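Colleague: I would like to go through this chain with you, from overall shape down to single residues. Please show it first.

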Amino acid sequence: MEKRFHMLRPEQIIEQREQCPVAYIPLGTLEWHGLHNPIGADGLQAEELAMRCADQGGVVFPTVYYGESRVNSLLETDPKYQAGICERLLLNKHQLDAERFPYSGMEQIEHYQHHLIHILAEAASYGFEAAVFVIGHYPLIESARSAIILYNQWAYDKEWKRIAGLAAADYLLLKEEYTSPGDHAGGWETSHLLASQPETVDLKAAADELQFGIMSTRNPLNATAQFGNEIYDAAVKKITERVFLCLNNPELYKGHGVPLI
């Protein structure tokens, strides 16, 4: 059954919403993930995780690849890696200068939070009772949580029932089950991609002498689709447990200081 919201006809939206009124919203970015992985790795993983969650009920909104700060919390702007990434992408490093962007780093952060708040309101306008930001680019967990808090504060005393907002990052949910969960372009993320988008991965380009900009305790050469499916499914179990707790106990998600996952 089709789960992508933008691919559904009105009667299908109604059917899916009546079965499970949850909107999953994948958040990714465009960022270096080694020579062996695609630039859009974070969004691809977030969308796959959201789709697997939606198999338990709910729909998946279009993946958000744009709008986050391009001068904060990004490998391309990290002084340790910037020159090497530019060399490998055949870029002049000045193309990534903060001055090349119309807005400051703080303004970009604020604009992105506004965008996420708007997405929450848009999901609410279609009648969903819960919206779940599924995080692919780890720094976006803070933006998602902040957006939910700000939305809740704005909607707190409105006459109408507000949508519940949740934010899920697999590495946070699985930290008690796996040693060093999550990584950047290492065995964790590469296993994800081998499980869901294997055509985007070239393990020959992950040879030890070619590795650059990888942050992991797991060598990507040891990545497998089997491990990728295992950790996808472990995260799905955690996320959907929290989602159905929210749906079945809405009183826990009212008032101040509500859970964010």
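Colleague: What radius of gyration does the chain have, and which value would a compact globule have?

Modeller: This is a predicted model, in which local features need pLDDT of at least 70, side-chain atom pairs count only at pLDDT 80 or more, and totals for chains, interfaces and linings use all residues. Residues are numbered from 1 along each chain as its sequence is written, and side-chain values use heavy atoms, with hydrogens and water left out. The radius of gyration is taken over C-alpha atoms, and the globule rule is 2.2 Å times the number of residues to the power 0.38. For 261 residues a compact globule would come near 18 Å, which agrees with the chain's 19 Å.

Colleague: In which order do the elements of the chain run from the N terminus on?

Modeller: Helices (H or I, at least four residues) and strands (E, at least two) are DSSP runs, numbered from the N terminus. The chain has eight helices and four strands. Their order is α-β-α-β-α-α-β-α-β-α-α-α.

Colleague: What percentage of contacts between residues at least 6 apart in sequence join residues at least 24 apart?

Modeller: A contact means heavy atoms within 4.5 Å. Among the contacts of the chain that link residues at least 6 apart in sequence, the share joining residues at least 24 apart is 76%.

Colleague: How far does helix α8 reach from its first C-alpha to its last?

Modeller: Helix α8 covers residues 225-248, which is 24 residues. The expected span of a helix is 1.5 Å times one less than its number of residues. That gives 34 Å for α8, and the reach is close to this, at 34 Å.

Colleague: Which elements do the buried residues of α8 pack against?

Modeller: Buried means under 20% relative accessible area, exposed over 50%, and partly exposed in between (1.4 Å probe, protein chains only). The buried residues of α8 include Phe227, Ile231, Ala235 and Ile239. An α-helix has 3.6 residues a turn, so residues three or four places apart point the same way. The partners of the buried residues of α8 are β1 (22-27), α2 (41-54), β3 (130-135), β4 (164-169), α6 (170-173) and α7 (187-196).

Colleague: Ser180 and Ala185 both have positive phi. Is Ala185 buried or exposed?

Modeller: Ser180 lies in the loop between α6 and α7, with phi near 50°, and counts as partly exposed because its relative accessibility is 34%. Ala185 also sits in the loop between α6 and α7, and its phi is near 70°. Its relative accessibility is 0%, so Ala185 counts as buried.
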